[in-house]
Amino acid sequence: LSLKIYRLICVRKAYCLFIFSFVYSISFAQNVAVINGKPVNTKEFLWAYKKSHNGNTPTDYENLQAYLNLYINFKLKVLDAREMGLDRNTEYQEEIKTYETNLVARKKAGGNKDYDYLLNEYREGVLMFNVSEQKIWDKAQSDEVALYDFYNRNKQKYSKAFNEVRGEVIADYQLSLEEKWLNGLKQKYQVKINDNELKKLTKL
């Protein structure tokens, strides 16, 4: 009897594992990527792509791949902002609430069929702005020592004195800070791209 029970348990475990794998494969197939275990839904990504490309559907795989890389960078920054607790900031929550109220009013008036996407885009956009302000823009503007050090390390790039090219140096330093930040995020958070799903989008 015990042997039968043991075999039954093994069969059930194998069946459950099969079902889990099947469900996961279907779920993954509906996403263009997974970031730190959180899926990037294909419909959401396609909506964002069309919104930034005048409503046009993707036709070129390389351009679509480049856009996905930018989108993943955006999502990584948002994830970092949440890890820092910026989504719990009172001012942020009030700003989102105000936007949501206006969005609901417009929806009732017959507009905003993309309500969920728009709301999420705004939530994440504000978070991305706030975290970028802390990680890049404020630092580049206020840390004069680091800025001057960056200028000296890249002096061959600039043909004028620091005070004359300060604006250019700040812009370059911001790009350097962003690159370093994103590299750190990609090491911290696992990113998986569903290349098969991405290729399907060029055939829609």
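This is a predicted model: local features need pLDDT of at least 70, side-chain atom pairs count only at pLDDT 80 or more; totals for chains, interfaces and linings use all residues.
The strands come together in an open sheet of three, arranged in the order 2-1-3 with antiparallel pairing. Strand 2 (38-41) and strand 3 (191-193) stand at the edges of this sheet, and each has a single partner strand, so one side of each is left without a neighbour in the sheet. Averaged over the sheet and with direction ignored, neighbouring strands are turned by 20° against each other.

Strand 1 runs antiparallel to strand 2, and four bridges join the two. Within this pairing, valine 34 has proline 39 of strand 2 as its bridge partner. The two strands form a hairpin, with two residues between them. In the turn, asparagine 36 has a positive phi of about 55°. Strand 1 also pairs with strand 3, again in the antiparallel sense, here over three bridges. For alanine 33, the bridge partner in strand 3 is isoleucine 193. As for accessibility, strand 1 is mostly covered, with five of its five residues buried.

Helix 3 lies across strand 1, strand 2 and strand 3, and runs at about 35° to strand 1.

Helix 3 (residues 61-83) has a helical partner too, namely helix 7 (residues 166-188). Two packed helices are described by the angle between their axes and the distance between the axes. For this pair, the angle is about 80° and the axes are 10 Å apart. Because angles of 65 to 115 degrees count as roughly perpendicular, helix 3 and helix 7 are described as roughly perpendicular to each other. On the helix 3 side, the contact is made by Asn73, Leu76, Lys77 and Asp80. Helix 7 contributes Glu178, Trp181, Leu182, Leu185, Lys186 and Lys188.

Key
Residues are numbered from 1 along each chain as its sequence is written. Side-chain values use heavy atoms; hydrogens and water are left out. Axes are lines fitted to C-alpha atoms, for helices over the stretch in contact, and angles run from 0 to 180 degrees between N-to-C directions. Angles under 35 degrees count as roughly parallel, over 145 as roughly antiparallel, 65 to 115 as roughly perpendicular and the rest as oblique. Contact means heavy atoms within 4.5 Å. Two strands pair if DSSP finds at least two bridges between them. Buried means under 20% relative accessible area, exposed over 50%, partly exposed in between (1.4 Å probe, protein chains only).
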